[in-house]
Amino acid sequence: MKTNATRILDRLGIAYTMREYEVDPDDLSAETVAAKIGLPAEQVFKTLVVRGDRGGVYLAVIPGNQELDAKALARATGDRRIEVVPLKDVQPLTGYIRGGVTALGGKRDYPVYADETIELFAVISISAGARGTQILLAPPDYLRAVKATIAPIARVKQAS
């Protein structure tokens, strides 16, 4: 299955493989996706749509087993405050639905910030832009394709 994301990678000459998995609409967590595709959650990166009070919309790419450190991202972007956009705004902003958001091939090219841990792995997994499909590729290729800025923007999940 080709998606906008894979077409962009093809056009850039970037090597990747695809992994499909069974989607559970009640559990779209990155940890679940990681288990289904056989990778540790820290190698499966999720893309969050966020808004800064000064700079507008950004995409934050963080490990599946962590959460966004909004203050750290605000420091990286020059905003005073960063908030994850409401779920109802994700599709109108990106063209993607929850569980299928990727920084590749969205409605607009928003600035992308990737957590620094992305550089620790030989291969990472990102959404292919559709639920049930992941793209596995080398982090330097992904970072180049999305023109990401690397920053320490994730933290260990806090107990709720």
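**Close-up 1. Ala-60 stands opposite Tyr-113 of strand 6 in this predicted model.** The two strands involved, strand 3 (residues 56-63) and strand 6 (residues 112-115), pair in the parallel sense over 3 bridges.

**Close-up 2. The open sheet has 5 strands in the order 5-2-3-6-9, with mixed pairing.** Strand 5 (82-84) and strand 9 (149-151) are the edge strands, each pairing on one side only. From one strand to the next, the twist averages 35°. Helix 3 (residues 70-77) packs on the sheet and touches strand 2 (45-52), strand 3, strand 5, strand 6 and strand 9. The direction of helix 3 makes about 125° with that of strand 5.

**Close-up 3. Phe-45 and Phe-121 form an edge-to-face aromatic pair, one of 2 aromatic pairs in the structure.** Their rings are 6.5 Å apart centre to centre, with 70° between the planes. Phe-45 lies in strand 2 and Phe-121 in the loop between strand 6 and strand 7 (124-127), so the pair ties together parts that are 76 residues apart in sequence. Both Phe-45 and Phe-121 are buried.

**Close-up 4. Tyr-58 and Tyr-113 form an edge-to-face pair.** The ring centres are 5.6 Å apart and the planes stand at 85°. Because Tyr-58 lies in strand 3 and Tyr-113 in strand 6, the pair ties together parts that are 55 residues apart in sequence. Tyr-58 counts as buried at 5% relative accessibility, and Tyr-113 counts as buried at 10%.

**Close-up 5. Helix 5 (residues 139-146) has the buried residues Pro-139, Tyr-142, Leu-143, Ala-145 and Val-146.** Seen down the axis of helix 5, these residues fall within an arc of 165°, so they line one face of the helix. Just after helix 5, Lys-147 takes a positive phi of about 55°.

Note on methods:
Residues are numbered from 1 along each chain as its sequence is written. This is a predicted model: local features need pLDDT of at least 70, side-chain atom pairs count only at pLDDT 80 or more; totals for chains, interfaces and linings use all residues. Side-chain values use heavy atoms; hydrogens and water are left out. Two strands pair if DSSP finds at least two bridges between them. Helices (H or I, at least four residues) and strands (E, at least two) are DSSP runs, numbered from the N terminus. Axes are lines fitted to C-alpha atoms, for helices over the stretch in contact, and angles run from 0 to 180 degrees between N-to-C directions. Contact means heavy atoms within 4.5 Å. Buried means under 20% relative accessible area, exposed over 50%, partly exposed in between (1.4 Å probe, protein chains only). The arc is that of the directions from the helix axis to the C-beta atoms. Rings of Phe, Tyr and Trp (its six-membered ring) pair if their centres lie within 6.5 Å; planes under 30 degrees apart count as stacked, over 60 as edge-to-face and the rest as tilted.
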